[in-house]
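The report below is meant to be read alongside the sequence and the coordinates. Please keep both in view while following the text.

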Amino acid sequence: MSFMKEVNPRLLGIRDPVSLQSLAAQITEQIAQGEQKPFQRVIDVSSGDPHRAGMPPFHLLARLVLAVCLYPELLKENSFPVDVCQRAEKLLGACNGGTVGSYSASSCGIPQIQKSVAEFITSRDGGVASYPEDIIFSSGSQRTLNLVLHLLSSGQGPTQTGVLTPLPCPHTLPMLLDEVGVKLVPYRLLEERGWALDLEELHRALKAARKHCDPRAMYISNPGNPTGHVQDLQTIEEVIRFAASERLVLLVEEVYQDSVFGQDKKFLSYKKVLFEMGASYSDRVEMVSFHSISAGTMGECGLRGGYMEVINMDLLVKNFLMSMQAPCSPPVLPQLALEIMVNPPSPGDASYEVFTQEILQKVETLTKNAHRACEFLNGVPGMSCQQAMGGVFLYPRLHLPDEIIEEAKRSGLRADVLYCKKLLEEEGVCLGPGSENGHDDENYHIRLCISAPAAVLEDVLKRLRSFHLRIQERHH
Amino acid sequence: MPKLMTSLQEVNPRVRGIRLSPQSGLHSLAENITRDDIKGAPQPFKELIDVSSGDPQRAGMKPISFIRQVLAVCLCPELLSDEHLPLDVRLRALRLLEACDGESVGSYTTSSGLLYIRQTIAEFIMKRDEGVPACAENIFISSGAQRGLMVIIKLLSGGEGPRQTGVLIPQPCPHALLPLLDEAGVLAVPYRLIEDKNWAVDMSDLERALTTSRGRCEPRAIYISNPGNPTGHLQDRKSIEKVIEFVAAERLLLLIDEVYQDSVYAPNKEFISYKKVLFEMDKHLRDTVELVSFHSLSCASVAECGLRAGYMEVVNMDPGVMHFLDTMLCTDINAPVTGQLALDLMLGPPSPGDPSYNTFVHETLLTRATLAQNSQRALKLLNDLPGMSCRPAMAGIYLYPHLDLPAEIKEQAKTLGLEADVLYCQMLLEEEGLIIGAGDDGTSGSHHLRLCILVPPDTLGEVLSRLSSFHLHLADRKRNRIV
């Protein structure tokens with residue numbers, strides 16, 4: 001297989017991941033080797049990974065429980081809070097063979113945990129029922145999304161399946177769509193309205209899409225990644241009506257549902273809204289909603305765990321979904337972490353105090369960071385940033401000097417990628433270029449994760465400003 | 001009210017084509033039985049035992065303490081100061097945490113896995129292969145060897161009709177392999193292993209399979225598992241050399257599943273890796289044969305199937321193509337970090353002198369001994385049963401006995417639209433609460449069972465007792481024509 005032409009032609013089309021991460025790794029290595037740089041270490045806030053930015057793991061409870069599940073002998077020698085022991089015992093009891101080392105009982109996950117998740121959803125949605133058999137676990141929401149897309153995908157050329165995707169979208173999404181062989185059909189979010197969704201734009205995008213593909217689904221992220229926009233009731237209802245009349249399956253990524261901090265903003269689940277719209281919608285609209293432990297208050301990106309809830313999907317179709325999962329049962333530890341996420345300590349439990357503190361602190365940090373960063377960036381000439389109401393990113397717009405744009409053209413890079421590269425080399429700060437989020441025109445944006453200790457964020461902001469002013473000056 | 005995505009026509013035709021393994025049927029049946037059990041319905045057995053897949057921990061085999069301890073500390077760094085845990089455990093955890101991004105297992109890693117771990121893997125391979133060079137850049141970590149295999153197969157796949165990619169696979173093969181090929185849109189081209197020679201690879205059948213497949217598809221790779229899954233066959237150097245010469249002549253990519261390399265128990269037998277053999281052959285072969293070998297945590301000595309991590313080592317692959325491997329693994333983001341760390345612990349165990357060394361050696365030897373004894377014991381019993389015969393296994397964690405089924409069972413199976421060995425397994429499950437795998441014989445017309453023998457000795461006793469009770473009863477029934 002030594003010739004490029006022998007590789008599956010569809011894969012040749014997968015867009016290259018921007019390799020800022022490897023550059024960051026290189027620079028870190030150089031610093032370790034003693035090379036002098038204008039900064040002491042690389043700060044990476046390009047992805048929604050709080051640990052990388054230095055946030056301590058939340059949910060000490062979760063980590064303790066997982067540790068005990070891995071090595072139950074720990075209980076003998078240590079005095080852990082009583083609820084840690086109880087949870088670990090219960091969770092191990094739910095695992096096959098009483099051990100985290102065994103495959104999950106079913107390819108969809110551990111039955112008791114499916115049940116816990118269903119209960120969590122039902123409670124969250126004020127009684128709208130959720131059923132364990134509609135919950136399918138996988139190693140992260142990317143993987144679950146991958147499965148559903150694979151199910152939907154078919155056709156080539158004008159019959160190729162298309163998915164309406166927000167612009168901007170999560171930076172890992174375009175590659176995923178490429179790999180599955182599904183066409184990305186962008187619908188622009190309105191920056192001037194805080195990145196709100198626009199119904200007219202949806203109609204336009206769909207109409208245009210029908211000319212060159214077969215649009216079958218619509219992807220939404222709410223709270224928005226990377227925009228931080230939280231959709232209101234009216235918007236959600238509009239989207240649902242749109243999906244119903246245009247026969248689109250809704251793919252709703254709700255991984256930041258517990259990180260809403262905008263004033264007077266509340267997370268509304270698509271499912272809840274759907275079921276309050278009456279049977280003509282709630283019986284018909286097909287929806288898959290995704291959640292994971294990577295986001296929000298858990299932030300356990302490395303563990304790789306998530307689930308999808310499948311709503312109104314034909315049973316036979318659902319069986320196919322499960323058969324795809326079959327050879328690769330989802331990892332066990334993240335399912336346990338998921339259980340803790342959906343079933344947190346109650347008042348009276350030994351870990352309740354510590355746990356509540358952690359959550360409060362986390363939300364407070366996020367809120368403060370969001371405000372501080374937004375205010376700061378809006379004060380930098382050549383930058384503007386919409387207020388985020390949820391999620392862990394900010395997505396400011398950049399004005400780039402012509403010289404940068406020219407230089408980028410000459411090097412065959414996108415201008416925002418070049419910007420981020422220079423920022424990394426000169427200031428040791430790694431941000432994400434907006435082109436990864438789908439912005440591939442002169443609408444330059446960058447993406448930064450604000451789930452970081454306040455001091456780290458401050459450092460990032462100062463360096464960013466210093467760099468931005470410098471390059472504007474340089475080219476005048 | 002019409003549903004939206006109902007009609008099966010609308011599901012990706014390739015997904016519709018994924019064959020259901022007999023495994024899933026048995027497991028649903030088992031689930032139903034468990035549910036009935038919970039409801040209080042009387043069962044003729046105390047509890048279900050499942051030895052149909054390679055999941056030793058499910059059956060009660062203990063994990064390696066060192067691995068579990070280090071992982072616990074990595075998850076909960078407060079334990080670094082817990083003096084009840086051996087010092088080497090805590091030092092290793094510290095080292096691993098430093099290797100993690102953000103010094104936490106909760107952080108994303110690069111998509112092909114943490115560099116530190118890939119280096120450990122490379123060192124392990126070099127040591128195992130006595131000096132044949134290995135480097136971290138050629139190693140890709142994925143969530144289980146299956147996922148890695150899927151990535152490679154997808155890379156190869158393409159074309160339709162007579163231009164569809166084909167992959168030669170052994171018959172029998174691991175039960176998860178066929179659905180995987182279906183999902184990737186690749187044609188499985190079976191080559192028969194020789195049961196009479198303890199499931200050896202038959203070069204003439206390999207050639208036959210390849211020749212007859214051309215015209216129906218474009219064969220581009222050959223999959224082999226060594227030690228064989230589920231056969232337990234261990235290839236010797238000569239056999240490996242023949243395969244290598246074959247793939248070189250036919251320009252096929254070699255996909256080698258070596259997951260059970262650590263479970264050789266036949267006396268005077270040793271595992272030798274395909275890569276090592278390749279590097280000791282002609283320079284021309286060494287420089288051109290393309291090979292991908294797989295290993296994972298789901299192996300014998302460690303058996304951490306639930307943690308989901310494995311790796312593939314790529315030999316002589318065009319760097320441009322390797323780049324795609326990385327791109328595709330990107331869509332998973334990364335393999336679970338806890339799994340990646342476990343790979344480091346599996347392949348870089350305690351050294352002599354370390355506080356954990358003795359326990360580690362003891363646990364590993366115990367597993368090895370259990371496996372060998374179980375294999376011998378089960379082999380004898382199976383061969384003593386009328387209508388059953390089993391070739392001895394040299395490695396791996398399964399036995400794969402041949403079943404000579406009575407005509408009545410075959411008839412009944414036909415009426416039900418099942419394979420006869422699947423029916424056998426269903427009946428076994430219902431009557432004895434024992435789940436054994438049905439053979440993966442495809443169209444060969446012969447029937448086999450697959451059972452995992454890496455289980456605690458008591459459990460094996462129970463398994464063998466239930467199986468022989470059922471099997472003899474079946475023979476009785478045949479005589480009394482009750483079937």
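This is a predicted model: local features need pLDDT of at least 70, side-chain atom pairs count only at pLDDT 80 or more; totals for chains, interfaces and linings use all residues.

Residues are numbered from 1 along each chain as its sequence is written, chains are lettered from A and ligands numbered from 1 in the order in which they are written, and side-chain values use heavy atoms, with hydrogens and water left out.

Two packed helices are described by the angle between their axes and the distance between the axes. Axes here are lines fitted to C-alpha atoms, for helices over the stretch in contact, and angles run from 0 to 180 degrees between N-to-C directions. Helices (H or I, at least four residues) and strands (E, at least two) are DSSP runs, numbered from the N terminus.

| Helix pair | Axes come within | Crossing angle |
|---|---|---|
| H5(A) (residues 82-94) and H14(A) (residues 332-342) | 11 Å | roughly 130° |
| H15(A) (residues 352-378) and H18(A) (residues 454-474) | 11 Å | roughly 10° |
| H17(A) (residues 415-427) and H18(A) | 10 Å | roughly 115° |

Angles under 35 degrees count as roughly parallel, over 145 as roughly antiparallel, 65 to 115 as roughly perpendicular and the rest as oblique. With axes that cross at roughly 10°, H15(A) is therefore roughly parallel to H18(A). In that pair, residues of H15(A) including A:Phe376 and A:Leu377 meet residues of H18(A) including A:Leu457 and A:Leu461, where contact means heavy atoms within 4.5 Å. The residues of this contact between H15(A) and H18(A) divide into 7 nonpolar, 1 polar and 4 charged; Ala, Val, Leu, Ile, Met, Phe, Trp, Tyr, Cys and Pro count as nonpolar, Asp, Glu, Lys and Arg as charged, and the others, Gly among them, as polar.

The axes of H17(A) and H18(A) cross at roughly 115°, so that H17(A) is roughly perpendicular to H18(A). Among the residues that meet here are A:Tyr419 and A:Leu423 in H17(A) and A:Phe467 and A:Ile471 in H18(A), and the contact of H17(A) with H18(A) has 5 nonpolar, 2 polar and 6 charged residues.

H5(A) and H14(A), for their part, are oblique to each other. A:Arg87, A:Lys90 and A:Leu91 in H5(A) are in contact with A:Leu336, A:Glu339 and A:Ile340 in H14(A), a set that by class has 3 nonpolar, no polar and 3 charged residues.

**Contact between the chains**

Between the two chains, 84 residues of chain A are in contact with 81 residues of chain B. The buried area, that is the accessible area (1.4 Å probe) that two parts lose on being put together, summed over both, is about 7200 Å² between chain B and chain A, with 60% of it given by carbon and sulfur atoms. The count between chain B and chain A is 1 salt bridge, defined as a side-chain nitrogen of Lys or Arg within 4 Å of a carboxyl oxygen of Asp or Glu, and A:Glu179 and B:Lys154 meet in a salt bridge at 3.8 Å, N to O.

**Backbone details in chain B**

Most residues other than glycine have a negative phi, and most peptide bonds are trans. A cis peptide bond joins B:Asn226 and B:Pro227, with omega about -5°, and B:Pro227 lies in the loop between strand S5 (218-225) and helix H10 (237-250) of chain B. B:Pro230 is placed in the loop between S5 and H10 of chain B, and a cis peptide bond joins B:Asn229 to B:Pro230, with omega about 5°. B:Asn268, although not a glycine, has a positive phi of about 60°.
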